[in-house]
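User: I am new to this structure and would like to go through it step by step. Please keep the answers plain.

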Amino acid sequence: NEDMVQQRYALEGLAVALVAQSRYTEAMGYFEQVYALDSIHLDPSHLNNMSFAAFASGACDDAYRYAELSLVRLKDLHDASPNSFRFQSGLQNVALLNQLQASMAMGRADLAGKAFGGIQFADDFAGREAAAVRLATLYCQEENSVEQFAFIRGQLMELLKLDSFARVDIG
């Protein structure tokens, strides 16, 4: 079992490195290997990464499906530990934003509305982040630029990381 966990981490690391290089189709091959090893216990962030890579490689149906799987997994985790809302709501928003961009690219206003309606903001920063990602997604889709979206998303993730460090209670 430990070997499988190590193999999952190694494959996911390769996939994330390929996403960072905008090699989304190659990344999907590694993400799918991780999924094939253990689809039941996957971390929601893995499914969100998988959803983003699927979207960026043009597989919008798959992107939507992986984001939906992330939401199901988050619900399971919430049911097991309801006190981790702040962490889970951030991952939930990422999954919903992945669904939003995929459904918009598919021309599915019904699915886009459902995804957008599910976004919850734990604080002001989360709301600003979600609005910025939404606007950036719209712009990049209009420009048909996956590369620009990948750059913008990385910048926003750095802001989120900085914000989370500022809120750590050391006392």
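User: Which pattern does the protein chain follow along the sequence?
Analyst: This is a predicted model. The protein chain has eight helices and zero strands. Read along the sequence, the pattern is α-α-α-α-α-α-α-α.

User: What share of the residues in the protein chain is buried?
Analyst: A residue counts as buried when its relative accessible area is under 20%. The protein chain has 171 residues, and the buried share of them is 39%.

User: Among contacts between residues at least 6 apart in sequence, what share joins residues at least 24 apart?
Analyst: Contact here means heavy atoms within 4.5 Å. In the protein chain, among contacts between residues at least 6 apart in sequence, the share that joins residues at least 24 apart is 59%.

User: Which residues make the contact of α1 with α3, and how do they divide by type?
Analyst: The crossing of α1 and α3 is left-handed. From α1 the contact uses E12, V16 and V19, and from α3 it uses H46, N49, F52 and A53. By type, these residues are four nonpolar, two polar and one charged.

User: At what angle do α2 and α3 pack, and is the crossing left-handed or right-handed?
Analyst: The axes of α2 and α3 are 9 Å apart, and the angle is about 145°. The crossing of α2 and α3 is left-handed.

User: How do the residues of the contact of α2 with α3 divide by type?
Analyst: On the α2 side are Y24, M28, F31, E32, V34 and Y35, which meet H46, L47, N49, M50, F52, A53, A54 and A56 in α3. These residues divide into 11 nonpolar, two polar and one charged.

User: How are the rings of Y24 and F52 arranged?
Analyst: There are two aromatic pairs. Y24 and F52 form one of them, with ring centres 5.9 Å apart and planes at 85°. Planes over 60 degrees apart count as edge-to-face, so the pair of Y24 and F52 is edge-to-face.

User: How many residues apart in sequence are the parts that Y24 and F52 tie together, and are both residues buried or exposed?
Analyst: Y24 lies in helix α2 (residues 24-37) and F52 in helix α3, so the pair ties together parts 28 residues apart in sequence. Both Y24 and F52 are buried.

User: Of Y35 and Y66, which counts as buried?
Analyst: Y35 and Y66 form an edge-to-face pair, 5.9 Å centre to centre, with 70° between the planes. Y35 lies in helix α2 and Y66 in helix α4 (residues 60-80), so the pair ties together parts that are 31 residues apart in sequence. Y35 has a relative accessible area of 23% and is partly exposed. At 4% relative accessibility, the buried residue is Y66.

User: What is the phi of S22, and where is S22 found?
Analyst: Most residues other than glycine have a negative phi. S22 is a residue other than glycine with a positive phi, near 60°. S22 is found in the loop between α1 and α2.

User: Is G117 buried or exposed?
Analyst: G117 is in helix α6 (residues 109-118). Its relative accessible area is 61%, so G117 is exposed.

Notes. Residues are numbered from 1 along each chain as its sequence is written. This is a predicted model: local features need pLDDT of at least 70, side-chain atom pairs count only at pLDDT 80 or more; totals for chains, interfaces and linings use all residues. Side-chain values use heavy atoms; hydrogens and water are left out. A crossing is left-handed if the near helix is turned anticlockwise from the far one by less than a right angle, and right-handed if clockwise. Helices (H or I, at least four residues) and strands (E, at least two) are DSSP runs, numbered from the N terminus. Ala, Val, Leu, Ile, Met, Phe, Trp, Tyr, Cys and Pro count as nonpolar, Asp, Glu, Lys and Arg as charged, and the others, Gly among them, as polar. Rings of Phe, Tyr and Trp (its six-membered ring) pair if their centres lie within 6.5 Å; planes under 30 degrees apart count as stacked, over 60 as edge-to-face and the rest as tilted. Buried means under 20% relative accessible area, exposed over 50%, partly exposed in between (1.4 Å probe, protein chains only). Axes are lines fitted to C-alpha atoms, for helices over the stretch in contact, and angles run from 0 to 180 degrees between N-to-C directions.
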